[in-house]
Amino acid sequence: MNQPALTADFIIQPGWIIPMEPGDEVLREHAIAVENGLIKAVLANDDLPEDPGIKRLVLPGHAVLPGLINAHGHAAMSLLRGFADDLPLMPWLENHIWPAETTHVSEEFVRDGTSLAMAEMLLSGTTTFSDMYFFPEAVASLCRKTGMRAQLTTPVFDFPTAWGEGPDDYISKALALRDDCKNMDRLSVAFGPHAPYTVSVPTLEKVALFAAELDMGVHIHLHETASEVLSHVEATGERPLDTLRRLGLLGPRTQCVHMTSLGKQDIASLVETGAQVIHCPQSNMKLASGTCPVRDLQTAGVNVALGTDGAASNNDLNMFNEMHSAALLAKLSSGDPTVMPAGRALFMATLGGAIALGLDQEVGSIKPGKQADLIAVDLSAPATQPLYNPLSQLVYACTGGEVTHSWVAGEALLQDRQLLTLDLDDTLERAKHWGRKISAAI
């Protein structure tokens, strides 16, 4: 019996396909068919239809893999890149970042800073990002314009900011944004209580109530430093993670960011509740905040994703650099070079990130039926030759500049290293304007 002819909007024929499911499989002599924004099929080149009406992109020196997922960041803080470097976390926040934000943050600041962040992320292979910052409505508008996929994590504090008057106002705005975005396939909304030291127990209780009722994610800085944990224990008699669990805030939809100071009881609590961990190795190293025990978490069965944090504390939004750092830091901190092989680091930046954000049924791997969120990475340059193992080259040799194409839901956002949905010249000019303005105010 004859099989029905394959239909597709376009077909990508790379040298290698890294599907991420199952395991560390690498496919050669295969192609990806895309139709209506979805991955229609992954099939051997010999099985491709000869239909000349189907557009083909042949990339023999490239690897195609799922678009990278930056699971934690503050996109607009790209305008504070290099503003206050080489400081520990709390002096950095209290003496430099928060005062600068009080002076400068506005809807225009967020729009221009997020445009800069999107340009950087797209040019280095990120197609989905989680953003925790003020004026998320402006970010939603930019996502619709550029086509990027995002989780908008609405901040919640106990004090007023440029975006809100207090906890009830933040929660109300989060719910309104959720309603505005509910029919937008590439956007989701989560609560973003900043941290246990900036959000009181009554506010966390309110967040827990709405998150449970509406099945919304909760994204929170947690156990970022040993001193943070100690201060919380001294003030409350329990660890921050235990407070969240007692309040009903710890579960599969909870995204715990940083998590550098963990004991066995903390890891057990994460396992029992199914909570997610988002590891930001470069930011944690730069601020000397500590090292997330990734080996212990993954051995226990906790899903760990990767995030860059903001450019003010990284200082880049490049997930290739983050994978590289995560792999090397895990080996150094454990004293075991077999910890975090390249495939595991790549998993954390793709399917692991999708799981953490609750998007793994849609993105994170190259599988028929999933959204066609894909990137093509050129592995033909001197720095990636000779090529024995594409996974190794992607994690240990690539810097992000090798990304030539990206698609979100089958829509091309980057083609031959050129941004298609974002005006780079205008974005850079606006960033320079903010640099001059902020410098003049110092």
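User: Where is Asp 425 found, and what makes Asp 425 count as exposed?
Analyst: Asp 425 is in helix α15, residues 424-441. This is a predicted model, and every value comes from its atoms. The relative accessibility of Asp 425 is 63%, and exposed means over 50%, so Asp 425 counts as exposed. Its C-alpha atom is 15 Å from that of Arg 111, a residue 314 places away along the chain.

User: Why is Gly 248 called exposed?
Analyst: Gly 248 has a relative accessible area of 53%, which is over the 50% cut-off, so the label is exposed. Gly 248 lies in the loop between α7 (240-246) and β11 (254-258). The C-alpha atoms of Gly 248 and Ala 208 are separated by 6.2 Å, though these residues are 40 apart along the chain.

User: Why is the pair of Trp 163 and Tyr 170 called stacked?
Analyst: You need two values here. The ring centres are 6.0 Å apart, and rings pair if their centres lie within 6.5 Å. The planes are at 25 degrees, and stacked needs under 30 degrees. Both tests are passed, so the pair is stacked.

User: Are those two residues buried or exposed?
Analyst: Buried means under 20%. Trp 163 has a relative accessible area of 3% and Tyr 170 has 0%, so each of them is buried. Their rings also belong to a cluster, linked by ring pairs, with Tyr 133, Phe 134, Phe 157 and Phe 159.

User: How many aromatic pairs does the structure hold, and what makes Phe 10 and Trp 407 a stacked pair?
Analyst: There are seven aromatic pairs. Phe 10 and Trp 407 are 6.2 Å centre to centre, with 25 degrees between the planes. Those values fall within 6.5 Å and under 30 degrees, so this pair is stacked. Phe 10 sits in strand β1 (residues 10-17) and Trp 407 in strand β15 (residues 403-408), so the pair links parts of the chain 397 residues apart. Phe 10 and Trp 407 are both buried.

User: How do you know that Lys 173 lies over the face of Trp 163?
Analyst: Lys 173 is 5.3 Å from the ring centre, and the distance cut-off is within 6 Å. There is an angle test too: the charge must be within 35 degrees of the ring normal. Lys 173 is listed as lying over the face of Trp 163. The charged end of Arg 344 likewise sits over the ring of Phe 347, 4.9 Å from its centre.

User: Which residues does UniProt list for "binding site", and how do you know that they gather at one spot?
Analyst: The unreviewed UniProt entry lists His 72, His 74, His 221 and Asp 309. They span 238 residues in sequence, yet no two of their C-alpha atoms are more than 12.0 Å apart, so they gather at one spot. His 74 and Asp 309 are also included in the lining of the largest cavity.

User: Why is His 221 called buried?
Analyst: The relative accessibility of His 221 is 5%, which is under 20%, so His 221 counts as buried. His 221 lies in strand β10, residues 218-222. Its contacts include His 72, His 74 and His 258, and a polar contact of 3.4 Å joins the side chains of His 221 and His 74.

User: Why is Asp 309 called buried?
Analyst: Asp 309 has a relative accessible area of 5%, again under 20%, so the conclusion is buried. Asp 309 is in the loop between β13 (304-306) and α11 (319-334). Among the residues that Asp 309 touches are His 72, His 74 and Cys 280.

User: What is the phi of His 223, and why does His 223 count as buried?
Analyst: His 223 has a positive phi of about 50 degrees although it is not a glycine. With 0% relative accessibility, His 223 counts as buried. Met 259 also has a positive phi of about 50 degrees without being a glycine, and Met 259 counts as buried at 0% relative accessibility.

How values were computed: Residues numbered from 1 in each chain as written. Predicted model: local features only at pLDDT ≥ 70, side-chain atom pairs only at ≥ 80, totals over all residues. Heavy atoms only, no water. Phe/Tyr/Trp six-rings, centres within 6.5 Å; stacked < 30°, edge-to-face > 60°. Helix = DSSP H or I, 4+ residues; strand = E, 2+ residues; numbered from the N terminus. Buried < 20%, exposed > 50% of the residue type's maximum accessible area, 1.4 Å probe, protein only. UniProt positions renumbered as here; feature names shortened; annotations may be inferred. 1 Å grid on protein atoms, 1.4 Å probe; cavity = no way out; pocket = protein on both sides within 12 Å on 5 of 7 lines; lining within 4 Å. Contact = heavy atoms within 4.5 Å. Polar contact = N/O pair within 3.5 Å; in protein donor to acceptor, adjacent residues only side chain to side chain.
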